[in-house]
Amino acid sequence: MNDRSPDGEAVWAHRSRLRVIPPVQPRKLAKVPFVELADGRLQGVVSSGSDISRVYVSSIAAGTHNYNCSTNNNRPCGGLYGSPCKHLQALTAEAVLQYGLDRVATYLRVEVPEGADLIACLSGGHEPAPAAMVFSRFLRHLAYLEVPATTVPIPEMHWFPSEGAVH
Amino acid sequence: MLAVQLAGLLDGDPEGTGEALALVDGFDDALVHGLARLSEERAEAPAALAGAFSATPIGDRLAEAAAKVASGSITEEHLTALAGGRAALFGAVHDALLADLDAALGRERAPWYPAPRSEQDTAANLLGGARSWLRELAITGWRGVDHDLVSAVDQITEGLTVVPGLRRLAVLLDGFAAELRASCPVGTMEHLPVRRWADLWTRALLLAQDGVLPGEPRPVATVSGRLLILGVDVHEHGTAVQFQVHAVLEPADGGQARLVRTSVTAAKVDTIVGPALWKLAHDHKVLLAALAGHLSLEVTDLPLLDGGDVIWHDDRASLGKPADPFTTARLHLAGVLAPAVPPLERVPVRIAEPVLIEGYEVTGDGSFDLGGSVLAVDTARLPGCGPLTPKLVAGSSACVGLVRWDGGCWLLQPLAVQAKVKRETVAVGTGDWAQGPTDPKVVKAEARSGDAVAVLRERAGRLLRQ
């Protein structure tokens, strides 16, 4: 039985225990610690290659495919010469690892011919976008790791079965 | 579980289940399109739900709430009444199903005694914020949900997460909002998880009432004795994982053995998946060692809650002798005392009753055929943090699992199986990798993707305290 199969309507309508969001694939997080498909963009945070305490905020809008890359203080990335910089390339490559090509391409609304690179199929240009919001979502993301574990039972978690055994 | 017991269980739904679920479905369908847009056919649904309670003390309140909602006056109070009605109907379905299951298994269940009241956390503004977001959702309907509506709950969950007594609501809202966000714009989604989202909405609205969640857990007793692990059920969404251990407690004072659950829940992010999840529970070394090593535990003075949950304290436990879950199940499950289910937890999704099943044939779709009665096996949801795979389950000769009920059917969720690996019969369970994976292939894959927990903790250390 597969919840996400095309004939799954009855299953979806009447089941309480479902994994609505497919689990993401593990990947190395050092270079691109944060990737998400949210607010109509593929967006994330890319570590600077030269300065360990600096990060870049990179994003690509769904539909228009306009892109932006800047430091978290809104200083524009020096690598944006009319085409996506290496941070944007790293962002899309890691997004494909994390979510799979289909999910990223569908979200961005882009056709990727078989064997082609996703970033080569994007047609947008540079368009400034606020980095602060993405960066604060990243900080919020990191803050989860500071929340202490608890041994008080959370019965509501029965609605969220784990899945993914595919070894 | 014997063939005759399974046959008894599968012999028809409890009386009235179909009618109760039809009323729930009608109400759930109204939430798809939003209570602000109740067209003729759906306007009846809240009234029909309320009608089921006409002979009860809450009948008048529900009838009034249904009438007001149909006329477009949708207040928090009316929504709470309707959510209460839906929860009560589903609660009755739960009770009937569990009674059927207990009867089939011949399992004795303890009566429920309320726990003493404790101090409430006063976080009235956060709870009020959650209720008003849930009201907006109900008015808009799932089909109308957009990014702005989903994002409006972010600040509320952030606040709830840091109040220990409100963690349950925080974890629920976080998982729910993430699904809505990933499904945006919901209007274009092909299939909707109609019952699921109504379940989550209902439970969230009930937990968000002032005074429902206790500030501290309220034990009904403390227990000591030998804990024999049956297996671990893993629950997970993007920002939380719960390891829920099912075990038999042999009380130190020699009383009847009882079924208990004990849990560890950790916050996480979506990129921490698979065997790395266990690292989030690393403070509970004794528990993890018992899971990985198939060992029994000696526990002293652990608080017991009204629903059979034991609050884990790693420093009040020590490792005991080897204990195989199949031996435990064979020795104890027939005469074990099952815990009561607290009123607010009475919902079919919570039914997770440990059983041992053996002597089955595995059918083409992976179900277990036990003497002609066929029980579906939920192999799509084996946790990625353990070694149990659909293939191992399909090749197994005995299984310790949880009987669940979902979407109108009974299901078996495997926790451990006995299977032949390289001509040797071995027991493989979901908790075997609690101290790290033991399969060299998985160890290698883990090494390739690096230590996600450590990388993110390093980033958090550097960026959060600037």
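This passage describes the fold of chain A and then that of chain B in a predicted model.

Chain A contains 4 helices and 4 strands. Along the sequence these elements follow the pattern α-β-β-β-β-α-α-α. The C-alpha atoms of chain A occupy a box of roughly 50 × 40 × 30 Å along the principal axes. Of the 167 residues in chain A, 54% are buried. The chain exposes about 7,400 Å². Carbon and sulfur atoms account for 54% of that area. Contacts between residues at least 6 apart in sequence were also examined in chain A. Of these, 51% link residues at least 24 apart.

The strands of chain A form an open sheet of 4 strands in the order S1-S2-S3-S4, with antiparallel pairing. Strand S1 (34–38) and strand S4 (67–71) of chain A lie at the edges. Each has a single partner strand, so one side of each lacks a neighbour in the sheet. From one strand to the next, the twist averages 15 degrees. Strands S2 (residues 41–47) and S3 (residues 55–61) of chain A pair in the antiparallel sense, and 7 bridges join them. In this pairing, A:Gln43 has A:Ser59 of S3(A) as its bridge partner. Helix H4 (residues 131–143) of chain A lies across S1, S2, S3 and S4 of chain A. Helix H4 of chain A runs at about 115 degrees to S1(A).

Chain B holds 15 helices and 15 strands. Its radius of gyration is 23 Å, close to the 23 Å given by the globule rule for 466 residues, so chain B is as compact as a globular protein of that length. The C-alpha trace of chain B spans about 65 × 65 × 45 Å along its principal axes. Buried residues form 58% of the 466 residues in chain B. The accessible surface of chain B is about 18,100 Å², and 53% of it belongs to carbon and sulfur atoms. Among contacts in chain B between residues at least 6 apart in sequence, 71% connect residues at least 24 apart.

One helix pair in chain B illustrates the packing. Helix H6 (residues 124–140) of chain B packs against helix H8 (residues 154–161) of chain B at an angle of about 145 degrees. The axes of the two helices are 10 Å apart. The crossing of H6(B) and H8(B) is left-handed. On the H6(B) side, B:Leu126, B:Leu127, B:Gly129, B:Ala130 and B:Trp133 make the contact. On the H8(B) side, the contact is made by B:Ile156, B:Gly159 and B:Leu160.

Notes:
Residues numbered from 1 in each chain as written. Chains lettered and ligands numbered in written order. Predicted model: local features only at pLDDT ≥ 70, side-chain atom pairs only at ≥ 80, totals over all residues. Heavy atoms only, no water. Pairing = 2+ DSSP bridges. Axes fitted to C-alpha atoms, helices over the stretch in contact; angles between N-to-C directions. Contact = heavy atoms within 4.5 Å. Rg over C-alpha atoms; globule rule 2.2 N^0.38 Å. Buried < 20%, exposed > 50% of the residue type's maximum accessible area, 1.4 Å probe, protein only. Areas by Shrake-Rupley, 256 points an atom, 1.4 Å probe, with all protein chains shown as cover. Left-handed = near helix turned anticlockwise from the far one by under 90°.
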